[in-house]
Amino acid sequence: MAKRSRPFWLWPAVTVLILALAWWQLPAQFGVRPVYLWTDRLIFLLLAGALFLGGWIRRREHLRQPWVEVFRQRRAMVALVVLLAFVITGLLDSVHYRKPLPMVDGQQGVQYSVEVVTLLDELLGTLREGTEKTYSAPFAMTQLARETVTLPDGTQSRIRPRLRHGGAHLTDPSQRGRDILASGLAGAAIGVGLTMLVWLLLGAILSRRWQTSWRAALTRIVHGRTEVPWRAILVTAGSLLVLMAMTALWSRHWHVFGTDKVGEDVLYLAIKSIRTGLVIGTLTTLVMLPFAILLGIMAGYFRGWVDDIIQYLYTTLSSIPGVLLIAAAVLSIQVYIANHPDLFETATDRADLRLLALCVILGITSWTNLCRLLRGETFKLREMDYIQAATAFGVGHFTILGRHVLPNVLHIVLIIVVLDFSGLVLAEAVLSYVGVGVDPSTISWGNMINGARLELAREPVVWWSLAAAFVFMFALVLSANLFADAVRDAFDPRLREQSP
Amino acid sequence: MSGDDILLRVRDLRVQFGQGPQAVRAVDGVDFAIRRGETFALLGESGCGKSMSALALLQLVPRPAGRITSGEVWFDGQDLLALSEQQMRQVRGHRISMIFQEPMTSLNPVMTVGEQIGEVLEQHLGLPRRARRDRTIELLTDVGIPAPARRIDDYPHQLSGGMKQRVMIAMALAGEPDLLIADEPTTALDVTIQAQVLELLAKIQRDTGMAILLITHDLGIVAETVDHVAVMYAGQIVEAASRRELFASPLHPYTRKLFAAVPDRRKRGRKLETISGNVPPLNRRFTGCRFAERCDEAWLRCREQAPAWTERETDGETHGVRCLRYQPGIEAPRVVSRPGSETGSGETKPASASTLLTVRDLKVHFPIRKGLFKRVVGHVYAVDGVDLQIADGRTLALVGESGCGKTTAGKAILRLIAPTAGEVIYDGQDLARLPADELRRLRARLQIIFQDPFASMNPRMMVGNIVEEGMRAQGIGRTAEERRQRVAQLLEQVGLPPEAARRYPHEFSGGQRQRICIARALAVEPRLIVCDEPTSALDVSVQAQTLNLLKDLQDRFGLGYLFITHNISVVAYLAHDVAVMYLGRIVEQGPVDAILDDPRHPYTRALLSAVPSLDENGREIIRLEGELPSPINPPPGCHFHPRCPDAMPVCAERYPDPVTLPDGRVVKCHLVGD
């Protein structure tokens, strides 16, 4: 604490500056036309905010300490690794651009495709392009449904035709098992190799911090004799890498999770849904926080008529059934969008606005809970002697709110934000299932589950859409919940005081 | 100490928290013995391990964090530490019971008093239902609860604090124990109630012949009620003797310091003795004496050799002490008495005549709202017509029991609570009616120090920013650098290093925090400081430091203090004038000597007599019946008449008018003047 050479915002500012420059300049270098969606901007704003907050917290001992505690918990760190994988995927999926179309003779300037793609799409290349005609099961070589085809000899026959993409490289169907096994093993090997690489890299970094030899650092990690549970982190990251590498190799020739009704790869859909889930989970909080914090602490601090109005507001809002309010709002936005087609350049723009609208509406309906908690806490705080002391110094009301009340309720805000995240991801799924969620063209777990409603009634059953959505959502929500638990344990003063 | 009459003998008891070299040895080799029917006190400041020793007797050390690492507890021929949990349950509450400091949290709020006492009766005596109820009523009668047959079905929240403590005692007595462990049983209670409870304990002891292990930090209580005393310091007993012996000739430097640190009248004008430094952390190994670092009489050997327990025989009584000075075969250097401790400002300071603040007929009524439309159905008359005058450079003590409205009055003077009526005149301006922005400018002149040093600082701010806050709000110090220097200077004034500015409040002890609060108040150069029980959360030695500081600052800067307190000895030491408050009104007001020497109002008399004093000569306690009435509907006539030993018929009819006596004091009582 003694040296204060650098302001806390220096590194975050540099990082944000570099990111902003890249976002602004790089697309032109690659000859693509960037598309800045509203949700993209907000996500990167949030990222910048998180970076600054992190820098600020590092300098505040009382805020840093609970985080250090979080980082020492094995379960929390395992969850965090999984969460980070999701977040990185989501961020990659938030860089949108349009590719130039091939030049036609006599064309003035470059024309750009109406299709908006993301960095993630580039990475998932084969997944996105390898579409089939209709349903096919995981690792299938043939379509699910029989089709009447005309054979070369002119006769017609009802067979299951071979897929255009899945297993197309094999001429002999009996080779299927061997091929899957071979590429699975190869993937696993690559994954293990990557993990070793991460381990060596980590050892190199940590050896400098611990000021030991590289080899000593490596053994220390393996034996788990570290404060931060690096071994657990490494094992989790390793398992993820192995899983990813296997999936990557498989999906070069197979549909790991099958295809859906229009022949799109279900794995691709599930991965693309990550961004939607994250956007709903994070932006909604961003929308709700200012309301909840400001109104909550104002109600608790000023009491009297201010409290009456704010209480009236949130009791009214929270007594309207949430789904009803959301449905009404979403439908009216839908009408607005339909009436103003000229406002949107592409279909992605349109779907994006609806996603943002959903975030705002969810935010408006979900701030009441936090607001109520903050009001109660502020009630307690305003009777504290230090607030009375500040009043006795003639400190202004809003200075008191900012300097004395807000920092002392921040732990509640943090706990609620992290806890709400998983609830919101699930809410999106439910709302889309009901039909008032995101735009049908937006890829989301909710839409996948909604589609699965009919698929489950088919014969034979198409279970893989539902399963894929379930697996991905489950992983995200579970890791978010585990992480939230650790955060709450570290920040909840009641739990902390038990340890002497 | 030998013979068959010994009920409890503790040998080499050790309790440890945590593992390894960092383990905290909260109790580190404690030996003592309690005879049948006697009262034995464990005396010590907070954190010295006295409560933990008592919990260890009953194997109630919080697990798994703490554990008893060694020791024997022989109780009536049984080693309690060798008993299993199952067997222990037969001992707890039956052979040995315990009452705790906080009666509010020791009773289960969702069970009636009768059910809770009945539970003990069923558990230990196996009484049938009907007998249980009868016995419960008997017990409640024994502990002096009026109308016990009705009270038995009350829930804890329907009882006052003193009543709850009585119920706790009844519960402890239900198992007919041989030993009662009382852990600070009166610390949360007012002096008049404390006197009641202590008398009750003494009466029960006389009737049943049980022994009492009293755990306390209050020397006054020890002086009054105890047969044997053991003084604890940093996990060990440093001195043990009979009460008479200990008070007549304390041996250990710590004990002597402790006695000297208690403020009282005779020490007026002198600095109180303080013990420098803090209690050492118990997570390290001690090589020498644990007190050596803070001891004025320590010499080199004290830091190298741990003192052994030395016993002396005087008049057939043993007086044990743990100090090298008394260890046989050790040549102790002569004590050089420091001359510095005697110097002080003296009482010579002329009473400056200029009035700093005048309070006239101050009232604070809180409306009670009920029902759908929140109609006002009544008022809490917290402060009901208070007149005060505080002069420059003088201290006015506002004395009263909890709930009498003294804190509310203090806050209303600063308009931290809006007064309902009345005037607060400072510098020709009425603070009670000043517009908000003008008041904000005047706030620098009037400051406040709070009771709880833990709650009065924002835990999220560094000390430097806390002290600086007032200066920023009041525009004192133009540049950040200027303010920083002023903060360093202020911290030095209150005896803290300037580096403290860059640390957080939780890194400081209670006394240090209170000093930071004083520095914060001083930062805006006030004329008057309202001190709201600034020392009641502190230990005696730390209290002495704080009082010294306050007095010193008054001498240097001519500050006026409104000192709100319930501690009469602090009043006697510090105050120039006293105002005694009862149920929202001031009943007697005047110079401190006049009031302490010759209290005129019956309430003042009762209050003063209830204060336990270190003097041995017996004094008669005027027992007050009942407790402070509710300020929602105060009794008609004189508020005090239902509890007054000298009440007359006229007392119930009208409130007495103020009578000014020749010595300048004002009394509101029908007995006076007419």
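Start in chain B and select B:Ile529: its bridge partner in strand 20 is B:Tyr561. Keep in mind that you are looking at a predicted model.

**Stop 1: around that pair**

Now select residues 528-532 and 560-565 of chain B. These are strand 19 and strand 20, and they pair in the parallel sense over five bridges. Strands of a sheet pair through backbone hydrogen bonds, either parallel or antiparallel.

Widen the view to the whole sheet. It is an open sheet of eight strands in chain B, with the order 18-19-20-15-21-22-24-23. The pairing is mixed. Which strands stand at the edges? Select 446-449 for strand 18 and 659-660 for strand 23 of chain B. Each has a single partner strand, so one side of each is left without a neighbour in the sheet.

**Stop 2: a loop residue**

Select B:Ala575. It sits in the loop between helix 19 (568-574) and strand 21 (577-582) of chain B. Is B:Ala575 buried or exposed? It counts as buried, because its relative accessibility is 1% and the cut-off for buried is under 20%.

Show what B:Ala575 touches, leaving out residues up to four places away in sequence: B:Arg268, B:Thr395, B:Ala397, B:Val570 and B:Val592. Then draw a line from the C-alpha atom of B:Ala575 to that of B:Arg369. The two are 206 residues apart along the chain, and 39 Å separates these atoms.

**Stop 3: a four-stranded sheet**

Stay in chain B. Here an open sheet of four strands runs in the order 14-13-16-17, with antiparallel pairing. Strand 14 (375-391) and strand 17 (429-430) of chain B are at the edges. Each has a single partner strand, so one side of each lacks a neighbour in the sheet.

Select residues 355-370 and 421-426 of chain B. They are strand 13 and strand 16, which run antiparallel and are joined by five bridges. For one residue pair, pick B:Arg360: its bridge partner in strand 16 is B:Glu423.

**Stop 4: over to chain A**

Select A:Thr89, in helix 4 (residues 74-92) of chain A. A:Thr89 counts as buried, because its relative accessibility is 17%. Not counting residues up to four places away in sequence, A:Thr89 touches A:Leu120, A:Ile271 and A:Ile274.

Notes:
Residues numbered from 1 in each chain as written. Chains lettered and ligands numbered in written order. Predicted model: local features only at pLDDT ≥ 70, side-chain atom pairs only at ≥ 80, totals over all residues. Heavy atoms only, no water. Helix = DSSP H or I, 4+ residues; strand = E, 2+ residues; numbered from the N terminus. Buried < 20%, exposed > 50% of the residue type's maximum accessible area, 1.4 Å probe, protein only. Contact = heavy atoms within 4.5 Å. Pairing = 2+ DSSP bridges.
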